[in-house]
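Please look at the sequence and the structure before reading on.

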Amino acid sequence: MEKLILRGNFKPLSINQAFVLLRNGRRVRSPAYQVFARRVLILLQLNKRGVSEFESSFDGNIHAIRGTLRIGVKNMLTKKSTISEKSGDLDNCVKCLVDNVMVGKIDDSQITEWHLYKYENNVDCFELTLEIYKRGEVE
């Protein structure tokens, strides 16, 4: 089945950093979210052909999407080799990334399976793999 692989040399934004509350009570995108969204848009433009092929291969009547997100985190480990709380919650990074990747004709509600990984790396980065599969098909 068709796969889309996107690699970024930046850390996915946590949902905790994505919005700010205004004095009038409205919640709006934070400046960090706006920068992040622009970076993802550039990444999608650089991978325009792959994104287009992925979208054209998807049929919502018979397909679903399986996602794998690998996040490389700089300084994830403390001096005692424990995972730093500053490395972020893995699941908080999914929403902002997926909402900005799934801007075409495929909605993120079509993702029915997630595999998430966080690992120590010398730079912040990520690899997002989206794979189309036939619903009811077990890997």
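The notes below start with the basis of the values and then go topic by topic.

The model is predicted, so local features need pLDDT of at least 70 and side-chain atom pairs count only at pLDDT 80 or more, while totals for chains, interfaces and linings use all residues. Residues are numbered from 1 along each chain as its sequence is written, and side-chain values use heavy atoms, with hydrogens and water left out. Helices (H or I, at least four residues) and strands (E, at least two) are DSSP runs, numbered from the N terminus.

**Nonpolar core**

- A nonpolar core is a set of buried Ala, Val, Leu, Ile, Met, Phe, Trp, Tyr and Cys residues joined through side-chain atoms within 4.5 Å; buried means under 20% relative accessible area, exposed over 50%, and partly exposed in between (1.4 Å probe, protein chains only).
- The largest such core has 31 residues, and those touching the most other members are Ile65, Leu97, Val101, Met102, Phe126 and Leu130.
- At least two core residues come from each of strand S1 (3-8), helix H1 (31-46), helix H2 (48-57), strand S4 (63-74), helix H3 (94-101) and strand S6 (125-134).
- H1 gives the largest share, six residues.
- Ile65 has contacts (heavy atoms within 4.5 Å) that include Phe54, Met102, Ile111, Leu130 and Tyr133, leaving aside residues up to four places away in sequence.

**Helix H3**

- Six of the eight residues of H3 are buried, so the helix is mostly covered.
- The buried residues are Val94, Cys96, Leu97, Val98, Asn100 and Val101, and the buried residues of H3 pack against S1, H1, S4, S5 and S6.

**Strands S1 and S6**

- S1 and S6 pair in the antiparallel sense over six bridges; two strands pair if DSSP finds at least two bridges between them.
- Leu4 stands opposite Leu130 in S6.
- The covered face of S1 holds Leu4, Leu6 and Gly8, and the uncovered face holds Lys3, Ile5 and Arg7.
- In a regular strand the side chains alternate between the two faces of the sheet.

**Cysteines**

- A disulfide is a pair of cysteine sulfur atoms within 2.5 Å, and the count by this rule is zero.
- For Cys96, the closest cysteine sulfur is that of Cys93, 8.2 Å away and too far for a bond.
- For Cys125, the closest cysteine sulfur is also in Cys93, at 12 Å, too far for a bond.
- Cys96 is buried at 1% relative accessibility, and Cys125 is buried at 14%.

**Salt bridges**

- The whole structure has seven salt bridges, each a side-chain nitrogen of Lys or Arg within 4 Å of a carboxyl oxygen of Asp or Glu.
- Glu127 forms a salt bridge with Arg7, with the closest N and O atoms 2.8 Å apart.
- This pair joins distant parts of the chain, Glu127 in strand S6 and Arg7 in strand S1, 120 residues apart.
- Arg7 is exposed, with a relative accessible area of 54%.
- Arg7, Arg70 and Glu127 are linked in a network of salt bridges.
- Arg66 forms a salt bridge with Glu113, the closest N and O atoms being 3.2 Å apart.
- Arg66 is in strand S4 and Glu113 in strand S5, so this pair ties together parts 47 residues apart in sequence.
- Arg66 is buried at 6% relative accessibility, whereas Glu113 is partly exposed at 24%.
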